[in-house]
Amino acid sequence: MPDAKEPRGNNTTTTVVVICLLLVVMLGLLITLVREENKPNVVIFIVDDMGFSDVGSYGGEIQTPNIDQLAANGLRFTQAYNSARCWASRASLLTGYYAQSIRRDPVMGDEQVPFGDRPAWARLIPQYLKPRGYRAYHSGKWHLDGQPLDNGFDHSYLNMNELGFFIGINQELDGNALPSVEDNGEFYETIATANYAIEFLKDNEAQYSNDPFFAYIAFNAPHFPIHALMEDIEIYKDRYQEGWDAIRQERLERMRKLGIFTGELSPLDPSTVPSWNLSEEELKAQVAKDEVGRAVPWDSLSHSEQAFQARKMAVHAAMVHRVDIEIGRVLAQLKTMGVLDNTVIFFLSDNGASAEQIVRGRGHDKTAQIGSSKSYLGIGPGWSSASNTPFRLHKSWNHEGGIITPLIVQWPDGINTPGALRTSPVHVIDMLPTVLEDESFRRFAPGIYHRPPGVSLLHRLDQCAGYPALPEYVLNLCHGGLADAQLLPRTTDTT
């Protein structure tokens, strides 16, 4: 008889185990379902040729209340890096690979490497998100191989215009050419980029309100030629008469108070400018007699040269100011849609401020007002050095001034320490794994896909984000990559 009772006990135990397993499975399915129903939207704002310290939340004097609010509600990274040039940074950001490894950067030290279309395995973020139910939208600059709609985007406003900000040419909507717009007083490129982005979001709300979305909003500003609305220039017309030396020092002091930077200010470098710049003689002959081609001390300039240079920086500031206004409009649309809290928002620049001084397209009218459509100016190395405060050199160089970017991440539903700083190094290749935080992303078929080298920042948003720090040394990557890596003594001076 005792033996007859044993199966009953075993059955009871088995039943309990089965029920527990079923509960675990059901709980897992429920968690998965909740996650699926609450997939966050993703918005990336990227600007072109903006310096590390231009926006207010990174120490700048330019009025950027909307960007600064993102910082107050989110996180600021103090060591975020790009690839020093437009096309390389955008390729790295959207693919998760170093640009040199996917044929999107032809320069590697003194060597030339293949440049052309990406390998088939170097897909863009939308191509990963589409199978997960996301809609994808692009507005603004592209500077990648291929077309947006062939790379996972559902809608695209593509701007390929290098003539200026008041002329609408070489633009496409969903692959179809848009009518050209000459300087008619109504078109301004930064506003157009925001307008199309907002229209795409409205369309998503009207037709696909249950679907999460990815929006890649790529402003051309403040890339040269420096063109701005007169109403925005008016705000800054007298702000920069004190010169770039004073502005650099003021920004440094604000950055120290904000905790953004604790080192010393790098010295001006009057000997280093882009090799493709116009010479001093050409600048004075083709642009203006008061143009300056080197980052020299401000007090060495004549009064007329100082006035000309101050006006140029006022235009640059106005361009950044307008970007902030347009970002505010996009944020207002997200709030109207009721999705702002569950939207991960990134703000960054593709490289440092540019010291380039060249004339393209229709040329420069020496009689035109600075910042108007017939002018074709760059801010030059003096003001580029100020924009990149406290670091050395400019766009195209792999010094800090060329490769460091402000990086702001806001996500009200996912960040519990708003307003905090993150000081560990991160790179634009980390954007893709952050957006695609999912184990399935890591399952690359051998021989077909190569796992991107970046790391997700998602689970590090509430701790020191980025790569693990070495106790006594930092890894210094030369442009050649890991093969040229060096271990250097740790220092707080990254200038």
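This is a predicted model: local features need pLDDT of at least 70, side-chain atom pairs count only at pLDDT 80 or more; totals for chains, interfaces and linings use all residues.
Two residues are said to be in contact when heavy atoms of theirs lie within 4.5 Å. Pro-65, Asn-66, Ile-67 and Leu-70 of helix α2 touch Asp-324, Ile-325, Ile-327, Gly-328 and Leu-331 of helix α9. Sorted by class, this contact comprises six nonpolar, two polar and one charged residues. Two packed helices are described by the angle between their axes and the distance between the axes. Here the axes of α2 (residues 65-73) and α9 approach within 7 Å and cross at roughly 60°. The two helices are therefore oblique to each other.

Helix α9, which spans residues 303-337, also contains Lys-312. Lys-312 counts as buried because its relative accessibility is 0%, and the cut-off for burial is under 20%. Apart from neighbours within four places in sequence, Lys-312 contacts Ile-226, Glu-291, Gln-357, Ile-370, Leu-377, Gly-378, Ile-379 and Gly-380.

The chain as a whole provides the setting for these details. It holds 12 helices and 15 strands, and 54% of its 495 residues count as buried. Of the contacts between residues at least 6 apart in sequence, 72% join residues at least 24 apart. The accessible surface amounts to about 21,600 Å², with 55% belonging to carbon and sulfur atoms.

Helix α3 (residues 86-95) is mostly covered, nine of its 10 residues being buried. Among the buried residues are Cys-86, Arg-90 and Thr-95. The buried residues of α3 pack against strands β1 (41-47), β9 (213-218) and β10 (343-349), and against helices α4 (125-129) and α12 (431-435). After α3 comes Gly-96, with a positive phi near 85°.

Strand β1 leads on to the aromatic residues. The whole structure contains 17 aromatic pairs. In one of them, Phe-45 and Phe-219 are stacked, with 6.5 Å from centre to centre and 20° between the planes. Phe-45 belongs to strand β1 and Phe-219 to the loop between β9 and α6 (230-236), so that the pair links parts of the chain 174 residues apart. Phe-45 is buried, at a relative accessible area of 0%, and Phe-219 is buried, also at 0%. Another pair, Phe-224 with Tyr-376, is edge-to-face because the ring planes stand at 70°, with centres 6.3 Å apart. Phe-224 lies in the loop between β9 and α6, whereas Tyr-376 lies in the loop between β10 and α10 (380-387), 152 residues away. Phe-224 is buried at 8%, and Tyr-376 is buried at 3%. Finally, Phe-52, Tyr-58, Phe-261 and Phe-391 form one aromatic cluster.

Key: Residues are numbered from 1 along each chain as its sequence is written. Side-chain values use heavy atoms; hydrogens and water are left out. Helices (H or I, at least four residues) and strands (E, at least two) are DSSP runs, numbered from the N terminus. Buried means under 20% relative accessible area, exposed over 50%, partly exposed in between (1.4 Å probe, protein chains only). Accessible areas come from the Shrake-Rupley method with a 1.4 Å probe; for residues, only the protein chains shown count as cover. Axes are lines fitted to C-alpha atoms, for helices over the stretch in contact, and angles run from 0 to 180 degrees between N-to-C directions. Angles under 35 degrees count as roughly parallel, over 145 as roughly antiparallel, 65 to 115 as roughly perpendicular and the rest as oblique. Ala, Val, Leu, Ile, Met, Phe, Trp, Tyr, Cys and Pro count as nonpolar, Asp, Glu, Lys and Arg as charged, and the others, Gly among them, as polar. Rings of Phe, Tyr and Trp (its six-membered ring) pair if their centres lie within 6.5 Å; planes under 30 degrees apart count as stacked, over 60 as edge-to-face and the rest as tilted.
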